[in-house]
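Here is a short briefing on one protein chain. Keep the sequence and the 3D view open as you read.

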Amino acid sequence: GPIPAVGMQNESIPYVDVFEMKVKPNLTGQEFINKCMQDLNDAISLLSAHKSVNYGIADPFKSHTRNHLNYWAANGLKARISLYVGDKSTALQSARVVIDNAALFPFIQRNNLAGTAPNRTFLSEQLFGIYIPTLKDINDGLFRSSSGSSVLTNKESFFTEVYESSSTDFRKIFLFNTDGTTSQLYPVKYYTDDIQTDLLNTKRVPLLRLSEVCYIAAEASVDPIEKIKYLNLVRTNRGLGSLSNDLIESQIELEIFKEYRKEFYQEGQLFFSYKR
């Protein structure tokens, strides 16, 4: 579809809101967004009766709230789409619904990222994710060959640049590993160790996390101090220091972009950030 900043009147994709065996017409970008927002507003109203967040240990699929587009995820998705099309007021309002209840999605702690069952997808922070039984096979096929060597890697210098030479950033420390050389690293966000048997921490791909909602709020806010506050909320929970409150707008925008690069490696969200 069209790039939002250029205009939303160009043809995009169909939107299916009725279950029938009929090809739907392509809508304009704006028509498509309107359909999304109508569905989300209806969903938020209906889902407001079920705001509890369950871990569902007995049945990791049926009773695990984060496997489903729940009330909080619907608000987060509304914030994401609103920011995408430039409606920063709605984006901030929707993001605050989640952030004001952030205790339901506690930030991962350093000790959760080490040991025999590392929580590398930051499960507690996920508003919405999907359970993929074959995730190990998919990940091994893309990032680990049958001989154990890496397939899709990147130079260590690249990650050093992305994470700004940080020696304390949890994401840099725990989400990448060496392939046996001194110059290449491969991501282990979705890697399952043979000794890792915790079904709640494995086979899950995050689609929407608390950190993104914070970044949305940071970008959508008109108050520079508030922008930095939302950024620092994530940074301090990733092992980094706080940004100074005297940053100017262009510096804040750059910091938000850098956070997208750090946070969403393998998650696909950087594409949409580039597009907007």
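Ile 256 touches Tyr 215, Ala 218, Glu 219 and Leu 231, leaving out residues up to four places away in sequence. Contact here means heavy atoms within 4.5 Å. This is a predicted model, where local features need pLDDT of at least 70, side-chain atom pairs count only at pLDDT 80 or more, and totals for chains, interfaces and linings use all residues. Residues are numbered from 1 along each chain as its sequence is written, and side-chain values use heavy atoms, with hydrogens and water left out.

**Ile 256 in its helix**

- Ile 256 is found in helix α9. Helices (H or I, at least four residues) and strands (E, at least two) are DSSP runs, numbered from the N terminus.
- Ile 256 is buried, with a relative accessible area of 5%. Buried means under 20% relative accessible area, exposed means over 50%, and partly exposed lies in between (1.4 Å probe, protein chains only).
- Ile 256 and Ser 45 are 211 residues apart in sequence. In space, their C-alpha atoms are 31 Å apart.

**α8 against α9**

- Two packed helices are described by the angle between their axes and the distance between the axes.
- The axes of α8 and α9 come within 11 Å and cross at roughly 25°. Axes are lines fitted to C-alpha atoms, for helices over the stretch in contact, and angles run from 0 to 180 degrees between N-to-C directions.
- α8 and α9 are therefore roughly parallel to each other. Angles under 35 degrees count as roughly parallel, over 145 as roughly antiparallel, 65 to 115 as roughly perpendicular, and the rest as oblique.
- The crossing of α8 past α9 is left-handed. That term applies if the near helix is turned anticlockwise from the far one by less than a right angle; clockwise gives right-handed.
- On the α8 side, the residues in contact are Pro 224, Lys 227, Ile 228, Leu 231, Val 234 and Arg 235. On the α9 side, they are Glu 249, Ile 252, Glu 255, Ile 256, Glu 259, Lys 262 and Glu 263.
- By class, this contact of α8 with α9 has six nonpolar, no polar and seven charged residues. Ala, Val, Leu, Ile, Met, Phe, Trp, Tyr, Cys and Pro count as nonpolar, Asp, Glu, Lys and Arg as charged, and the others, Gly among them, as polar.

- Ile 228 lies in helix α8. Ile 228 counts as buried, at 0% relative accessibility.
- Beyond four places in sequence, Ile 228 touches Leu 243, Ser 244, Asn 245, Leu 247 and Ile 252.
- Ile 228 and Leu 247 are 19 residues apart in sequence, with 8.2 Å between their C-alpha atoms.
- Glu 226 is also found in helix α8. Glu 226 is buried, with a relative accessible area of 14%.
- Setting aside neighbours within four places in sequence, Glu 226 is in contact with Leu 92, Arg 96 and Ser 221.

**α1 against α2**

- The axes of α1 and α2 come within 9 Å and cross at roughly 155°. That makes α1 roughly antiparallel to α2.
- α1 passes α2 in a left-handed crossing.
- The contact of α1 with α2 divides into 10 nonpolar, three polar and one charged residue.

**Nonpolar cores**

- In soluble globular proteins, nonpolar side chains tend to be buried together.
- The largest nonpolar core has 46 residues. Such a core is a set of buried Ala, Val, Leu, Ile, Met, Phe, Trp, Tyr and Cys residues joined through side-chain atoms within 4.5 Å.
- Ala 95, Ile 99, Leu 127, Leu 210, Ile 216, Leu 231 and Tyr 260 touch the most other members.
- Elements that give two or more residues to this core include α1 (29-47), β1 (126-131) and α9 (249-263).
- α7 gives the most to this core, with eight residues.
- A second, separate core of 11 residues includes Tyr 163, Phe 170, Leu 175 and Leu 185.

**Positive phi values**

- Most residues other than glycine have a negative phi, and most peptide bonds are trans.
- Phi of Phe 122 is near 55°, a positive value. Phe 122 is found in the loop between α3 and β1. Phe 122 is buried, with a relative accessible area of 2%.
- Ser 165 has a positive phi of about 60°. Ser 165 is in the loop between α5 (156-162) and α6 (170-174). Ser 165 is exposed, with a relative accessible area of 59%.
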